[in-house]
Amino acid sequence: MPIRTRSDALFAAALEHIPGGVNSPVRAFRGVGGDPFFVDSAQGARITDVDGNTFIDYVGTWGPAILGHAHPKIVAAVQAAAVRGTSFGIPNPAEVAMAWRVKEFVPSVQKVRFCNSGTEATMSAIRLARGFTRRDKIIKFDGCYHGHADSLLVKAGSGALTLGCPDSAGVPADLARHTLVLPFNDADAVTAAFAAHGPGIAALIVEGVPANAGLYLPKPGYHELLTHLCRDAGTVFIFDEVMTGFRLAKGGAQELYGLTPDLSCFGKIIGGGLPVGAFGGRADIMDHLAPLGPVYQAGTLSGNPLAMAAGLAALDELAATDAYATLDALGRQLGAGMVDAAKAAGVTVTWQRLGSMFCGYFTEGPVWNLSDAMRSDRTKFAKFFHGMLAEGIYLAPSQFEAGFISTAHTPDDIDATVRAAAKVLRTI
Ligand code: KE4
C-alpha cells in the first residue's frame, strides 16, 4: 500500500478547517471508503502525492486535463498572462479571441458568455431560457448532474409526471416543484411530459452523454426526439457539454450526434484547468442577457485573462493536433484490455466508453440509465479502486463517475493499467 503519512496529517488538519476536509464532496472518497490523498504535483498523465507516490491519472481533474497536466503550452500562456496582470474587471482582448475560438469549434454557438464554472453556466442558461420564454418549468433527467444550482438539485417526484422535490437541503420546495425529473432514454416518458406540460416548459437540459452516473449513452434517435419535442413546444433545448465539450470532438457531443442545440453549456476543458465556464447558442436568446436584455447574469472574474489564456492554449493545441484520433485509439486499447482482464478473472464488468471517456460498471450490461447503473456492485468497485490505487493507478473514487484519458497517456501506460487490472480483478 502507498505510504500516506503526510496525506493523513494534511487530511486531519483539513478536517478542522474545511467541511469534510474537501472543497468538493466527491474528492472525499466517500464512494469508495478511506481518505483522500493530497497531491503535490502533476505532470502529463501522472500525479504525485505529498508522500511521493506517483499514479497514472484517469480522473484528469474531472475532465479538464485532456492534454495532460502542466502542458507546457498552457503553463507558458498562463505565465505570460500573469505578468501582465491577473484580473482587470475590464474587457480584455483574450475574451474576444476565446469567443471566436468557441464559435469556430461549435457552430451552434452564435454568441457566448463566459463565467467561472459549469454550475454558473447551467444556472445562467436556465435563467436565460426562463427569461426568454417567460415560462418557469424545466425538464432534467435522473442521473444527469449539471452542477449545484438550486433548480438542478432536484429529484423525481413521486410519479414520472409529477414535478420535482429537493435533492439537497436548502433547496426551496417552491422552486424544486418547477423542475420535472424524467428517466433518461425513456422516449414515452419525455413525450408524455411534453404532452402534459409542453406550453409551460422553459427549458430541457441534458448532458451530451450522461457521465455523472458512470457513463451511459443516448439510445439511437433519443437526442433527436428531445430536440423535436423542444422545438414543437417552444422549449429551449440546453445541451450540457461541460464534460463532453471539446472532449468527444472539437465540436463536442453535438458534433458527434449532429445536433444544433438552442443553448450549450461548457466548462472544464474550456479553461485549460483554470476556472472557466461558458454558455452560448442562438443570438436571439443570448441577446436577452444584460446589459442588452432583461436577464441578469454577471461575474467579477468572468473572462479572466489568465483563465482565457489557459483556455485558448488548450483549444489551440486541440485544434492543431490529431488529439481526438489519439484519444480514441487509447480508449479502444484500454477498453479491449479491461474487457479481457475481467473475463480472465471471471468478474462481471460492463465496460462502456465513448472516445476518451469510460466507465466500468460491476454489473451485467448494457447500462442505459440510472436504474441500470444502480445495479452495480459498489463493494466490488471500491475493492477495485483501492487495489488499482495500490498498483499506482488512480481511477475516479466513485462507481458513478466517468474516467478520462489524456493525450499524455501512452500505449505503455494503457498496457500497465490493464496488467494492474488483471491482477486486481483476480482478488475481488
Ligand atoms: P462545475 O461547477 O463543477 O465546474 O461543473 C458542474 C457540472 C456541470 N455539468 C456537468 C455535465 C458536470 O459533469 C459538472 C461537474 N462534474 C463533476 C464531476 N462529475 C465535477 C467534480 C466535482 O463536483 O468536484
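Analyst: Let us begin with Thr-119, which has a polar side-chain atom 2.7 Å from an oxygen atom of the ligand, a polar contact in the sense of a pair of N or O atoms within 3.5 Å, where within protein one atom must be able to donate a hydrogen and the other to accept it, and residues adjacent in sequence count only if both atoms are side-chain atoms. Please keep in mind that this is a predicted model, where local features need pLDDT of at least 70 and side-chain atom pairs count only at pLDDT 80 or more, while totals for chains, interfaces and linings use all residues. Residues are numbered from 1 along each chain as its sequence is written, and side-chain values use heavy atoms, with hydrogens and water left out.

User: ok, and which atom of the ligand does Glu-401 sit 2.7 Å from?

Analyst: An N or O atom in the side chain of Glu-401 is 2.7 Å from a nitrogen atom of the ligand, and Lys-268 also has a polar side-chain atom 3.1 Å from a nitrogen atom of the ligand.

User: how many residues surround the ligand?

Analyst: There are 16 residues around the ligand, and the closest are Ser-24, Thr-119, Asn-212, Asp-240 and Glu-401; a residue is taken as near if one of its heavy atoms lies within 4 Å of the molecule.

User: new topic, how is the chain divided into domains?

Analyst: Domain 1 takes residues 5-70 + 322-425 and domain 2 takes 72-320, with bounds that come from an automatic or database domain assignment. Their centres, taken over C-alpha atoms, are 25 Å apart, and the contact (heavy atoms within 4.5 Å) takes 28 residues from domain 1 and 32 residues from domain 2.

User: what area do they bury between them?

Analyst: The two domains bury about 2,500 Å², with 68% of it on carbon and sulfur atoms; buried area is the accessible area (1.4 Å probe) that two parts lose on being put together, summed over both. On the side of domain 1, Tyr-324, Leu-354 and Trp-368 supply 28% of the area buried against domain 2, more than any other three residues.

User: and how many salt bridges or polar contacts cross over?

Analyst: Across that interface there are zero salt bridges, a salt bridge being a side-chain nitrogen of Lys or Arg within 4 Å of a carboxyl oxygen of Asp or Glu, but 10 residue pairs are in polar contact between the domains.

User: so where are there salt bridges, and how many?

Analyst: The count comes to 14 salt bridges, and one of them joins the side chains of Asp-413 and Arg-46 at 2.6 Å, N to O. Asp-413 lies in helix α14 (residues 411-425) and Arg-46 in strand β2 (residues 46-49), so this pair ties together parts that are 367 residues apart in sequence. Helices (H or I, at least four residues) and strands (E, at least two) are DSSP runs, numbered from the N terminus.
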